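Subject: Structure handover

Hi,

My notes on helix packing, the hairpin and the pockets follow.

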Amino acid sequence: MTSIALAEVTPEAVIAHYVDVAEAKYDDALATARALDKAIEDLLANPTEETVQAAKSAWLSARVPYQQTEVYRFGNAIVDDWEGRVNAWPLDEGLIDYVDASYGSDSDENSLFTANVIANPSIRINGKTVDAGAITPEFISGTLQEAGGIEANVASGYHAIEFLLWGQDLNGNGPGAGSRPVTDYSLENCTNGNCDRRREYLSAASDLLVTDLEEMAANWKAGGAARAALQESGVSGGLSTILTGMGSLSYGELAGERMKLGLLLGDPEEEHDCFSDNTHNSHRYDAVGIRTAYTGAYTRPDGSEMTGPSLADLLAEKDPAIAAELSADLDATVEAMEAMVERAEKVEAYDQMIAVGNEAGNATVQAAIDALVKQTRSIERAIAALELGAIDLEGSDSLDSPDAVFQ
């Protein structure tokens with residue numbers, strides 16, 4: 001990629017292009033969510049192996065642009081406050097639907113652990129009986145999501161839909177993803193009961209995902225709240241926001257909570273896309289999104305490219321050595337993620353890679369974690385070179401105090 005002549009790059013132009021790319025990414029996330037919604041409509045109209053596979057493929061495609069938006073979290077409060085509605089995990093799936101006996105029947109932390117709203121037209125939340133007769137987007141978002149103030153009660157977003165499409169992955173650290181029968185959505189040949197309500201839930205959750213993404217896409221358009229907040233923060237505030245998102249996603253969130261924690265525990269429940277075994281791709285596109293925030297180069301789902309004034313150009317003017325170091329580190333991280341993807345596609349899924357005793361799989365995941373940690377240190381040097389002052393990046397016990405994970 002050819003950089004813009006340094007004399008043409010201003011901090012204001014860098015921030016403006018960052019905002020334009022954010023708008024494009026959320027537009028793409030919305031478009032792919034609408035395609036998913038249409039595929040789910042087709043599934044419910046005619047539940048067959050072909051239509052359920054098409055819906056699963058649409059879900060996988062929808063994850064690609066969305067994961068690349070996660071770099072807008074942390075620094076952008078509007079995004080971080082909203083994100084839990086669309087991408088919260090892990091979830092206690094027994095809130096939503098039937099689960100295998102191995103899941104358990106109760107939890108000291110969550111009274112709704114096996115509430116199974118699909119099977120029950122009324123449930124009790126905080127000691128009160130709640131009418132669950134109509135499963136609507138409003139009911140999911142207003143009543144079920146984080147019901148009882150418990151974060152594990154994830155009722156909306158990509159992962160609720162993922163569970164409804166794939167079902168539980170009961171394979172532990174062994175091969176195989178979820179295998180929900182398509183007849184779970186058949187009115188004529190219903191399996192596992194309550195197919196009418198399961199259909200209602202899947203349709204409502206899909207509609208809600210589209211609505212939530214419409215909201216965030218609008219926030220980044222001209223006059224939108226996220227665009228305005230960033231522009232009003234000034235040059236220092238805007239550049240700090242970009243680097244906060246890059247560093248916090250790199251270190252505390254992705255390297256720490258999403259990757260190192262699962263590796264320490266060897267726990268398949270700690271993988272991000274745990275029902276579909278798509279975790280390798282979700283991690284990859286987070287890393288690609290971090291790099292995009294630096295280079296300003298974004299490849300859209302239709303193959304078209306967005307480029308413009310970038311943080312890379314601005315940093316190269318201030319400190320060419322640090323700019324080159326950060327660029328190399330970001331590339332190395334994406335390469336480590338691609339190696340993980342290749343292993344997932346040719347050898348074993350991510351939940352197998354993190355299994356205790358799997359030395360080769362563990363090493364592949366650890367290499368990506370190490371690359372994320374290294375690029376975070378370069379991000380910190382970039383912050384210093386740009387004279388942006390102290391920026392607090394997200395930390396992680398999994399990285400900073402791993403012994404605390406087992407206490």
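At what angle do the axes of helix 2 and helix 3 cross? They cross at roughly 170°, and the axes of helix 2 (residues 49-67) and helix 3 come within 14 Å. Axes are lines fitted to C-alpha atoms, for helices over the stretch in contact, and angles run from 0 to 180 degrees between N-to-C directions. Helix 2 and helix 3 are therefore roughly antiparallel (under 35 degrees counts as roughly parallel, over 145 as roughly antiparallel, 65 to 115 as roughly perpendicular, the rest as oblique). Arg63, Tyr66 and Gln67 of helix 2 make the contact with Trp82, Glu83, Val86 and Asn87 of helix 3 (contact: heavy atoms within 4.5 Å).

Some ground rules. This is a predicted model, where local features need pLDDT of at least 70, side-chain atom pairs count only at pLDDT 80 or more, and totals for chains, interfaces and linings use all residues. Residues are numbered from 1 along each chain as its sequence is written, and side-chain values use heavy atoms, with hydrogens and water left out. Helices (H or I, at least four residues) and strands (E, at least two) are DSSP runs, numbered from the N terminus.

Next helix pair. Helix 9 (residues 279-295) packs on helix 10 (residues 311-318) at about 55°, with axes 5 Å apart. The two are therefore oblique to each other. Ala293, Tyr294 and Thr295 of helix 9 meet Leu311, Ala312 and Leu315 of helix 10.

Now the strands. Strand 1 (residues 122-125) and strand 2 (residues 128-131) run antiparallel, joined by four bridges (strands pair if DSSP finds at least two bridges between them). Ile123 has Val130 as its bridge partner. The two strands form a hairpin with two residues between them, and Asn126 in the turn has a positive phi of about 55°.

Last, the pockets. A pocket, on a 1 Å grid over the protein atoms alone, is an open set of points where a 1.4 Å probe fits, with protein on both sides within 12 Å along at least five of seven lines; lining residues have an atom within 4 Å of a point. Volume is the space filled by probe spheres set on the points. Of its 23 lining residues, Arg73, Glu83, Ala88, Trp89 and Glu151 are closest to the centre. Helix 3 gives the most to this lining, seven residues.

The second largest pocket has a volume of about 270 Å³. Its lining has 14 residues, with Leu91, Asp92, Phe113, Ala152 and Glu269 nearest the centre.

Best wishes
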